[in-house]
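Q: I am new to this structure and would like a close look at one part of it. Could you walk me through how its aromatic rings are arranged?

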Amino acid sequence: MNYTKAFGALALLLVPALAFAHPGHGDNGLIAGISHPIGGLDHLLAMIAVGLWAAQQKGAARWALPCTFVGTMLIGGLLGFEGIDLPALESGIAASVLALGLAVALAVRPPLFMAVGATALFALFHGVAHGLELPEMSSPWAYATGFVAATAALHAAGYAAVRFLPTAAAPLVRVAGALSAAAGVWLLAA
């Protein structure tokens, strides 16, 4: 198949997406769930940082940190769906951006139980925030599926950035962590 035919086939596949040019699509919550972690700087930075930090670890922590975050975030989302709020919710999320950014910048390797505990605490804040922002008339399950999938993808992107880049890129990862920590300070001050 030559490039002209492939491009033509791709264009035909994308034509139905033009119908989504106006609001009202994705009301089932899936699209809203996917866009929530990606659209908010605080969520985006924290979730990528979890993947970066997991990739800097050794052994079980590499999979335990992202899995803990996703699982605990889902529990927090269910609490949020029920209207249960956490005190200082936004400050907790901003603190997670700061702490996870510092963990990446300093490449810290605490004992597994401490890393998992901190990750779970941060994930609970993010999950409750997601749950409280369930759009009206949306399926909570579709919305949860969306934010879980987006979070897992952001973790995977952070993980891949560390694991598949040359070791010479390690200082850049630490700089990214420091920038994330600085954003956390800014979010806390705002």
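A: Ring pairs link Phe81, Tyr143 and Phe147 into a cluster. Before the details, please note that this is a predicted model, where local features need pLDDT of at least 70 and side-chain atom pairs count only at pLDDT 80 or more, while totals for chains, interfaces and linings use all residues. Residues are numbered from 1 along each chain as its sequence is written, and side-chain values use heavy atoms, with hydrogens and water left out.

Two aromatic pairs are present in the structure. Rings of Phe, Tyr and Trp (its six-membered ring) count as a pair if their centres lie within 6.5 Å; planes under 30 degrees apart are called stacked, over 60 edge-to-face, and the rest tilted. Phe81 and Tyr143 make a tilted pair, at 6.2 Å centre to centre with 50° between the planes. Because Phe81 sits in helix H4 and Tyr143 in helix H7, this pair ties together parts that are 62 residues apart in sequence. Helices here are DSSP runs (H or I, at least four residues), numbered from the N terminus.

Tyr143 also pairs with Phe147: the ring centres are 5.5 Å apart and the planes are at 75°, so this pair is edge-to-face. Both Tyr143 and Phe147 belong to helix H7, four residues apart, which is about one turn of the helix.

What about exposure? Tyr143 and Phe147 are both buried, where buried means under 20% relative accessible area (1.4 Å probe, protein chains only). For Tyr143 the relative accessible area is 1%.

Key: Helix = DSSP H or I, 4+ residues; strand = E, 2+ residues; numbered from the N terminus. Buried < 20%, exposed > 50% of the residue type's maximum accessible area, 1.4 Å probe, protein only.
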